[in-house]
Amino acid sequence: MPTIAIVGAGPGMGLAIARTFGGRGFDVALIARTKDKLESLVAQLQAEGVTAAAFPADVLDRPSLSAALDAAADRFGGIEVLEYSPAPHSPVPGLTMAVPTEVTVDNLQPQIEYTVYGALAAAHAVLPAMRQAGAGTLLFTTGGGSVHPVPMLGNVNAAAAALRNWVLNLHNELAGSGVHAAHVAINTWIGEGGPEGIPAATPEQIAPLYWDLYERRDQPELVFNG
């Protein structure tokens with residue numbers, strides 16, 4: 001069975017993506033900080049007939065993230081798809097929001113550590129095996145501010161845009177290798193309870209787009225506007 005590793009797995013997009021791929025024959029490796037949350041997601045997936053396992057790790061602890069991905073590859077015999085989409089739904093020490101005029105090294109660096117350096121660690125953990133096999137897909141998700149910046153997220157958007165730039169360039173470098181890299185920008189509120197007037201979509205509406213990217217294996221970016 002092919003395997004998808006979802007970094008930043010949670011009960012929203014992570015679970016929806018897991019169901020999308022798991023329902024099409026993939027095994028699922030779930031990676032996030034909280035062991036109890038992961039085990040709950042694994043139980044849900046297994047009840048639906050999806051083979052899944054939990055690998056706790058923190059994207060801010062790059063050695064632990066690399067070790068979790070290595071363990072997932074050992075458990076399932078390799079990783080065909082990596083999806084990197086951590087989102088701090090609960091407070092993460094050091095992560096704050098700042099408008100552009102208030103962005104400083106101190107409040108931008110943690111965002112870069114979380115968004116960019118975590119993604120690099122994840123990619124480096126799985127890319128060598130993908131290149132050797134001549135097949136694999138690397139998907140990296142950010143908010144829509146990576147493409148269309150929002151003032152209240154000045155530092156968040158800057159880090160996300162840096163990741164987007166790197167992914168698009170990685171796509172260029174990997175052309176012809178059999179390994180596909182793509183960036184997904186979600187430019188809507190995910191789920192219910194969003195601000196009035198802001199477009200919203202459910203995780204179940206968005207997740208099938210990841211399968212489309214995987215199947216096409218040539219598109220470097222997808223911007224979801226609802």
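Helices (H or I, at least four residues) and strands (E, at least two) are taken as DSSP runs, numbered from the N terminus. On that basis the protein chain has seven helices and nine strands. This is a predicted model, in which local features need pLDDT of at least 70 and side-chain atom pairs count only at pLDDT 80 or more, while totals for chains, interfaces and linings use all residues. Residues are numbered from 1 along each chain as its sequence is written, and side-chain values use heavy atoms, with hydrogens and water left out.

**Overall dimensions and burial**

- The radius of gyration of the protein chain (taken over C-alpha atoms) is 17 Å, close to the 17 Å that the globule rule (2.2 Å times the number of residues to the power 0.38) gives for 226 residues, so the chain is as compact as a globular protein of that length.
- Along its principal axes, the C-alpha trace of the protein chain spans about 50 × 40 × 30 Å.
- Of the 226 residues, 46% count as buried, where buried means under 20% relative accessible area, exposed over 50% and partly exposed in between (1.4 Å probe, protein chains only).
- Among contacts (heavy atoms within 4.5 Å) with a separation of 6 or more, residues 24 or more positions apart account for 70%.
- The accessible surface, from the Shrake-Rupley method with a 1.4 Å probe, comes to about 10,500 Å², of which 54% belongs to carbon and sulfur atoms.

**Nonpolar cores**

- A nonpolar core is a set of buried Ala, Val, Leu, Ile, Met, Phe, Trp, Tyr and Cys residues joined through side-chain atoms within 4.5 Å, and the largest one here has 36 residues, with Leu65, Leu69, Leu82, Leu138 and Phe140 having the most contacts inside it.
- The elements that give two or more residues to this core include strand E1 (3–7), helix H3 (62–76), helix H4 (105–133) and helix H5 (154–174), and H4 gives the most, with ten residues.
- Leu69 touches, beyond residues up to four places away in sequence, Ala5, Val7, Ile31, Ile79, Leu82, Ala122, Ala125 and Val126.
- A second, separate core of 33 residues includes Phe21, Val28, Ile206 and Tyr214.

**A buried loop residue**

- Ser85 lies in the loop between E4 and H4, and is buried, with a relative accessible area of 14%.
- Leaving aside residues up to four places away in sequence, Ser85 touches Val7, Gly8 and Thr141.

**Salt bridges**

- A search of the whole structure finds seven salt bridges, each being a side-chain nitrogen of Lys or Arg within 4 Å of a carboxyl oxygen of Asp or Glu.
- Arg217 forms one with Glu80, the closest N and O atoms being 3.9 Å apart; this pair links distant parts of the chain, 137 residues apart, with Arg217 in the loop between helix H7 (208–216) and strand E9 (221–224) and Glu80 in the loop between H3 and E4.
- The side chains of Glu173 and Arg131 also meet in a salt bridge (3.9 Å, N to O), and because Glu173 lies in helix H5 and Arg131 in helix H4, the pair ties together parts that are 42 residues apart in sequence.
- Arg164 forms a salt bridge with Glu221, with the closest N and O atoms 2.5 Å apart; Arg164 is partly exposed, with a relative accessible area of 22%, whereas Glu221 counts as buried at 17%.
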